[in-house]
Amino acid sequence: MDTSAVQAPVHRAIVVVDIEGSTTRTNPARAGLRSVLFDLLDEAFLAGGITERFRDPFIDRGDGALCLVRPVDEVPKTVLLARVVPALTELLARHGDQDPELAFRLRVSVHAGEVHYDAHGPYGEDVDIACRLLDAPDLRRRLRSSSGPLALVVSNAIHRSVVRHGYAGIDRSSFAHAFTVRVGGQRTRGWVRTTDAVRPGAGLIA
């Protein structure tokens, strides 16, 4: 293959989400879940100040979504963990209270890295890493054993550059369990949040 024809990658913060147990739902129920999911994602990102100006359109993954955030000063990666994920947690809980029949929980993976684009959409090793962490058995077990509305994993890159520094709104001690996945013949580490997030107070969601 002529690699000179491949466009240069661009940096993105990567958030991938997946609905727990979606295959147990009927197709009409899945349609409802998908509609709610994209509405909640949009609201959660807006709660973190991430408008469409700062992100790519959400990419449909059937029972989940791929969210790519552009590297701008207005949206540091800390915002994803300190505001977007807590807002999504609150929105999921609120939705479950209001509509129990369409209640659902999410697995969430956060990473950052280089992303390629072609006519079919985004791709690349860093997208693969985020998706592999999302599908890891450790994260699935975490959500099954949790009472909260989502389970969160961050990549080693996010843990090293963001979580371990304990920035405002990020409890580094809650990311206590590490596991590895294999991507492209190499092992990469993920860190699971091992405590359920407390439902955020006023100020995140109006």
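Predicted model: local features only at pLDDT ≥ 70, side-chain atom pairs only at ≥ 80, totals over all residues.
Trainee: Let's start with the fold. In what order do the elements of the chain run from the N terminus on?

Mentor: Happy to begin there! The secondary structure amounts to five helices and eight strands. Read from the N terminus on, these elements follow the order β-α-β-β-α-β-β-α-α-β-α-β-β.

Trainee: What radius of gyration does the chain have, and how does that sit with a compact globule?

Mentor: Along the principal axes, the C-alpha atoms fill a box of roughly 55 × 40 × 35 Å. A compact globule with 206 residues would have a radius of gyration near 17 Å.

Trainee: Which share of the contacts with a separation of 6 or more comes from residues 24 or more positions apart?

Mentor: Good one to ask of any fold. Counting contacts in the chain with a separation of 6 or more, residues 24 or more positions apart account for a share of 72%. As for burial, 49% of the 206 residues are buried. To end on the contact share you asked for, it is 72%.

Trainee: How far apart do the centres of the positive and negative side chains lie?

Mentor: Let's take the surface on the way. The accessible surface comes to about 10300 Å², and carbon and sulfur atoms hold 50% of it. The chain carries 26 positive and 25 negative side chains, and the centres of these two sets are separated by 6 Å.

Trainee: Now the rings. What kind of aromatic pair do F38 and F58 form?

Mentor: The structure has two aromatic pairs. For F38 and F58, the distance is 6.4 Å centre to centre, with 45° between the planes. That pair is tilted.

Trainee: Why does the pair of F38 and F58 tie together separate parts of the sequence, and how many residues apart are they?

Mentor: F38 lies in helix 1 (residues 27-47), whereas F58 belongs to the loop between helix 1 and strand 2 (59-60), so the pair links parts that are 20 residues apart in sequence.
F38 is partly exposed at 22% relative accessible area, while F58 counts as buried at 16%. Both also belong to one aromatic cluster with F45.

Methods. Residues numbered from 1 in each chain as written. Heavy atoms only, no water. Helix = DSSP H or I, 4+ residues; strand = E, 2+ residues; numbered from the N terminus. Rg over C-alpha atoms; globule rule 2.2 N^0.38 Å. Buried < 20%, exposed > 50% of the residue type's maximum accessible area, 1.4 Å probe, protein only. Contact = heavy atoms within 4.5 Å. Areas by Shrake-Rupley, 256 points an atom, 1.4 Å probe, with all protein chains shown as cover. Lys, Arg positive; Asp, Glu negative; His and termini not counted. Charge placed at Lys NZ, Arg CZ, Asp CG, Glu CD. Phe/Tyr/Trp six-rings, centres within 6.5 Å; stacked < 30°, edge-to-face > 60°.
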